Amino acid sequence: MKKIEAIIRPERLQSVQDALDELGVSGLTVTEVMGCGRQKGYTEQYRGSRANISLLPKLKVESVVPNEVVEPAVEAIVGGAWTGETGDGRVFVFDVEQSVRIRTGERGEETVSHESRIGWGY
Amino acid sequence: MQPTLKDVIPAVETTWVIVAAVFVMFMQAGFLLLEIGFSRMKNAGTVVPKVLANFSICALCYWAVGFALAFGGPGWFAGTHGTFVNTANGALFPAIAASHATVSAKWFFEFVFCAVSLAIVWGTTLERIKFGAYLIYAIIFSTLIYPIVSHWIFGGGWLVKTFGMQDFAGSTVVHLIGATGAFAALLLLGPREGKYGRDGKPNVIPGHSMPLVGLAVLILWFGWFGFNPGSTLGAIGGRFADIVVVTNIAAAAGVVGAMLTIWLITRTFDMGMTCNGAIAALVAITAPSGYVNFWAAPIIGFIAGVIVVVSVILIDKRLDDPVGALSAHGMAGIWGTLSCGIFTAPALAKLNGVGQGGLWYTGDFKQFGVQSLGVAAAFTSVFVISFVVFFIIKATYGLRVESEEERYGLDIVEHGMWGYPEQFMPVPGSEYHPPAPPAQRPRPRPVPVGMTARGG
């Protein structure tokens with residue numbers, strides 16, 4: 001069981017989400033974040049004055065998946081988030097010790113696995 | 001010289017026309033908030049300089065040329081004199097000479113109408129058009145397009161003089177002309193990125209503030225009490241109060257009609273559609289407001305409310321119109337103009353001296369035919385000219401921002417700043433300050449009695 005954490009462009013979320021759904025990933029968590037990196041910032045102008053902005057809006061996508069899904073899930077995120085320009089983001093993979101489904105009290109890898117796509121959102 | 005009782009008439013009429021005109025001017029705030037509310041946050045700020053620039057360009061152009069082309073003389077095609085409002089002689093503007101208001105008052109009233117029409121053009125273009133396109137089209141619109149076509153109907157031109165087309169306050173002149181320009185712009189612009197999926201189905205791109213949309217609709221509704229009743233251009237006899245009633249009950253019926261229709265289709269009381277229903281009914285009642293009796297107003301408004309809902313849903317399948325301008329101003333404007341041909345009371349047609357009674361009273365399709373001709377003539381001419389103008393803008397300056405710029409939002413790309421800066425900015429002034437030594441740190445303020453945990 002691994003946790004995948006990806007920092008992506010906000011406008012790529014839909015294709016990342018679709019690709020993960022295709023794999024049967026059971027769920028994900030998305031957070032709006034700000035960050036800086038190689039993409040650099042930009043300059044704002046306000047009534048004639050300039051302000052240099054180093055932080056850009058990004059999304060953080062987190063999902064915990066069974067071991068055998070890790071590699072395809074990472075590939076799916078990279079494929080969905082890729083534009084080829086600086087600022088496409090990063091994917092990190094962490095070990096996860098335990099997972100509990102709160103409703104039933106089940107534990108272990110089956111709480112994060114799914115066989116078929118579940119179709120989020122409807 | 002002492003003022004006499006005779007001087008009161010022009011004074012009263014001028015006062016009413018100016019009051020009505022500032023009501024209409026305030027509608028700019030309505031359009032501003034409507035467009036902001038129906039945009040995403042990243043495109044909220046750009047609407048502010050757009051509305052101000054359009055209003056200002058329109059003022060200068062309409063003062064210099066527009067008013068003269070629209071009202072300066074009885075020509076069939078356009079007026080010929082009165083550039084820069086260089087005369088105070090009301091007789092030189094024959095179409096509006098029946099009113100005792102001064103020429104200045106009439107200019108201001110007709111100018112704010114032109115500004116409303118121009119504001120309507122941009123509803124379809126939100127979130128992707130280049131800022132400069134606003135400025136270029138605004139000049140041509142307020143110098144030529146609006147003045148000439150409004151002359152045909154308001155200014156004593158061929159549609160009103162030869163055929164007797166009825167349009168009391170401008171369902172066609174103001175709203176259909178604006179929506180037609182919006183249609184031409186939209187065809188050349190295309191939809192916002194992401195509006196249509198790979199399968200061609202429309203995606204929802206919700207606006208970011210329905211409270212602002214609600215405020216906008218109420219401001220527009222308020223402004224309409226200058227728009228329609230003010231089109232009497234006079235106060236003597238109190239006709240304008242009848243038109244207030246007609247306008248208000250039509251709008252009310254529009255809200256009910258739109259809400260009921262969208263509820264029957266989706267089983268929800270949709271926020272945006274309720275707002276569109278009010279606007280559509282106000283647009284529809286604009287032409288017949290001075291021609292119909294009270295009983296016809298709710299019917300016209302209710303049908304406009306039904307039309308706008310169906311039209312928004314159908315248009316959304318193919319054309320990306322973020323605020324529903326094509327439906328609320330275009331389709332409702334057409335309906336309102338045609339409704340004169342059905343509901344115009346013969347007595348009121350006689351009072352206004354234009355055309356004859358509608359189908360309901362006379363059993364005669366003549367007036368309905370005239371109204372259809374007027375709609376077709378206004379739509380065709382404005383569409384052709386606007387399409388050419390936008391085509392030239394597209395070929396030279398460019399009409400649409402780059403794909404990447406559209407994703408960032410027009411606020412940062414065109415104006416270097418966000419409409420809501422705190423959303424995207426770290427706290428300014430957060431440079432590193434070394435910590436002060438303990439002796440210099442401020443002491444914690446004493447907690448006031450009564451606010452401690454133990455109570456007072």
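This report describes the predicted model of chains A and B, beginning with chain A.

## Basis of the model

The model is predicted, and local features need pLDDT of at least 70, side-chain atom pairs count only at pLDDT 80 or more, and totals for chains, interfaces and linings use all residues. Residues are numbered from 1 along each chain as its sequence is written, while chains are lettered from A and ligands numbered from 1 in the order in which they are written.

## Chain A: overall form

Chain A holds two helices and six strands; helices (H or I, at least four residues) and strands (E, at least two) are DSSP runs, numbered from the N terminus. Along the sequence, the pattern of chain A is β-α-β-β-β-β-α-β. The radius of gyration of chain A is 17 Å, well over the 14 Å that the globule rule gives for 122 residues, so chain A is more spread out than a compact globule. This radius is taken over C-alpha atoms, and the globule rule is 2.2 Å times the number of residues to the power 0.38.

The C-alpha trace of chain A spans about 60 × 30 × 25 Å along its principal axes. Of the 122 residues in chain A, 19% are buried. A residue is buried if 20 or more other C-beta atoms lie within 10 Å of its own, exposed if 12 or fewer, and partly exposed in between, with C-beta atoms placed from the backbone.

## Chain A: the four-stranded sheet

Four strands of chain A form an open sheet in the order β2-β5-β1-β6, with antiparallel pairing. Two strands pair if DSSP finds at least two bridges between them. At the edges lie β2 (29-35) and β6 (90-95) of chain A, each pairing on one side only. On average, neighbouring strands of this sheet are turned by 25° against each other, direction ignored. Axes here are lines fitted to C-alpha atoms, for helices over the stretch in contact, and angles run from 0 to 180 degrees between N-to-C directions.

Strand β1 (residues 2-8) of chain A is joined to β5 (residues 56-65) of chain A by seven bridges, the two running antiparallel. A:Lys3 is opposite A:Val64 in β5(A). Six bridges join β1(A) to β6(A), also in antiparallel fashion, and A:Glu5 has A:Phe92 of β6(A) as its bridge partner.

## Chain A: helices and hairpin

Helix α1 (residues 13-23) of chain A packs on the sheet and touches β1, β2 and β5 of chain A, its direction making about 10° with that of β5(A). Contact means that the C-beta atoms of two residues, placed from the backbone, lie within 7 Å. Helix α2 (residues 67-81) of chain A lies across β1, β5 and β6 of chain A and runs at about 5° to β1(A).

Strands β3 (residues 42-46) and β4 (residues 49-53) of chain A pair in the antiparallel sense over five bridges, with A:Tyr42 opposite A:Ile53 in β4(A). Their hairpin has two residues between the strands, and in it A:Arg47 takes a positive phi near 50°.

## Chain B

Chain B has 16 helices and zero strands. Its radius of gyration is 25 Å, close to the 23 Å that the globule rule gives for 456 residues, so chain B is as compact as a globular protein of that length. Among the 456 residues of chain B, 53% count as buried.

Helix α6 (residues 171-189) of chain B has 19 residues and reaches 25 Å from its first C-alpha to its last, close to the 27 Å expected at 1.5 Å a residue. The expected span is 1.5 Å times one less than the number of residues. Because 17 of the 19 residues of α6(B) are buried, this helix is largely enclosed by the rest of the structure. B:Gly190 follows α6(B) and has a positive phi near 80°.
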